[in-house]
Amino acid sequence: MSDDLPSWSSVEAEARALTLSITPSELHGAACGWMAGGGADSPDWLAKVLADDQAPRAAEGGALEAMHAVSRSQFEDRDFGFALLLPDDDAPLAERSEALFDWCRGFLGGFGLAAGKDPPLSDEGREALEDLARLAAATPEPDGDEEDEAAYAEIEEFVRVAALLLHGDCVMGPRHRHRLN
């Protein structure tokens with residue numbers, strides 16, 4: 001298995017073929033939120049993430065399955081190699097920003113489904129979750145400059161680290177506490 005996420009276009013094509021009405025970024029965010037919140041890894045992960053028992057299963061060996069497997073592996077990577085599925089850097093800033101906000105919306109949904117009402121969050125984790133909620137409610141500016149590009153890069157990095165922090169609070173922390181007891 002590759003350490004890289006499948007391409008945006010391959011995830012989009014497979015999601016469209018399955019008649020899923022969700023963007024690749026929102027779907028990736030939802031899957032990552034599910035994982036970060038402690039959601040079980042199972043063959044019907046797509047139905048769980050979409051909160052739809054009728055959702056089809058991701059094709060074995062397909063882009064969605066690869067996205068799921070690579071993301072799960074990246075969450076466990078001690079080198080913090082976790083990446084977000086977003087459009088390429090040559091896409092317009094407004095398109096990339098919208099995808100980043102979609103990712104945050106998906107993450108919040110998946111995280112809420114998996115972690116439940118009162119997840120075991122650190123103060124930093126609570127703050128990160130609140131910041132992700134603010135980003136999920138944001139809308140992109142129609143055009144941007146170099147300063148906006150720099151802000152986008154900082155926000156993308158924040159979102160990446162916030163997801164790792166929340167995964168640490170809800171999955172890694174309890175796992176390590178369990179091993180110590």
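Me: Which ring does R96 lie over, and how far is R96 from the ring centre?
Reply: R96 lies over the face of Y152, at 5.1 Å from the ring centre. A charge counts as over a ring if NZ of Lys or CZ of Arg is within 6 Å of the ring centre and within 35 degrees of the ring normal. This is a predicted model, where local features need pLDDT of at least 70 and side-chain atom pairs count only at pLDDT 80 or more, while totals for chains, interfaces and linings use all residues. Residues are numbered from 1 along each chain as its sequence is written, and side-chain values use heavy atoms, with hydrogens and water left out.

Me: Thanks! What is S97 in contact with, leaving aside its neighbours within four places in sequence?
Reply: With those neighbours set aside, S97 is in contact with P140 and Y152. Contact means heavy atoms within 4.5 Å. S97 has its place in helix α5; helices are DSSP runs of H or I with at least four residues, strands are runs of E with at least two, and both are numbered from the N terminus.

Me: And is S97 buried or exposed?
Reply: S97 counts as buried, at 12% relative accessibility. The cut-offs are under 20% relative accessible area for buried, over 50% for exposed and partly exposed in between, using a 1.4 Å probe and protein chains only.

Me: Changing topic: how many salt bridges are there?
Reply: The count comes to eight salt bridges. The rule is a side-chain nitrogen of Lys or Arg within 4 Å of a carboxyl oxygen of Asp or Glu.

Me: Which parts does the R72 and D41 pair tie together?
Reply: The side chains of R72 and D41 meet in a salt bridge at 3.4 Å, N to O. R72 belongs to helix α4 (residues 63-76) and D41 to the loop between α2 and α3 (45-50), so the pair ties together parts that are 31 residues apart in sequence.

Me: What about D102, which residues share its network of salt bridges?
Reply: E98, D102 and R105 are linked in that network. D102 and R105 meet at 2.4 Å, N to O. They are three residues apart in helix α5 (residues 93-115), so about one helical turn separates them. D102 counts as buried at 10% relative accessibility, whereas R105 is partly exposed at 29%.

Me: Nice. Which residue does D131 form a salt bridge with?
Reply: D131 pairs with R134, and the closest N and O atoms are 2.4 Å apart. In helix α6 (residues 123-136) these two are three residues apart, about one helical turn. R134 is exposed, with a relative accessible area of 53%.

Me: Let's talk rings. How many aromatic pairs does the structure hold?
Reply: The structure holds four aromatic pairs. One of them is F82 with W103: the ring centres are 6.4 Å apart and the planes are at 65°, so the pair is edge-to-face. Rings of Phe, Tyr and Trp (its six-membered ring) pair if their centres lie within 6.5 Å, with planes under 30 degrees apart called stacked, over 60 edge-to-face and the rest tilted.

Me: Where do F82 and W103 sit?
Reply: F82 is in the loop between α4 and α5 and W103 is in helix α5, 21 residues apart, so this pair links distant parts of the chain. Both F82 and W103 are buried.

Me: Why is the W103 and F107 pair called stacked?
Reply: Because the planes of W103 and F107 are at 15°, with the ring centres 5.3 Å apart. They are four residues apart in helix α5, or about one helical turn. W103 has 0% relative accessibility and counts as buried, and F107 is buried with a relative accessible area of 0%. Ring pairs link F75, F82, W103, F107 and F111 into a cluster.

Me: How many disulfides does a search of the whole structure find?
Reply: The search finds zero disulfides, the cut-off being a pair of cysteine sulfur atoms within 2.5 Å. The sulfur of C32 is 11 Å from the closest cysteine sulfur, in C104, too far for a bond. For C170, the closest cysteine sulfur is in C32 at 14 Å, again too far for a bond. C32 is buried with a relative accessible area of 0%, and C170 counts as buried at 11%.

Me: Last one: how many residues of α2 are buried?
Reply: In α2, 12 of its 13 residues are buried, including W34 and C32. Just after α2, G38 takes a positive phi of about 95°.
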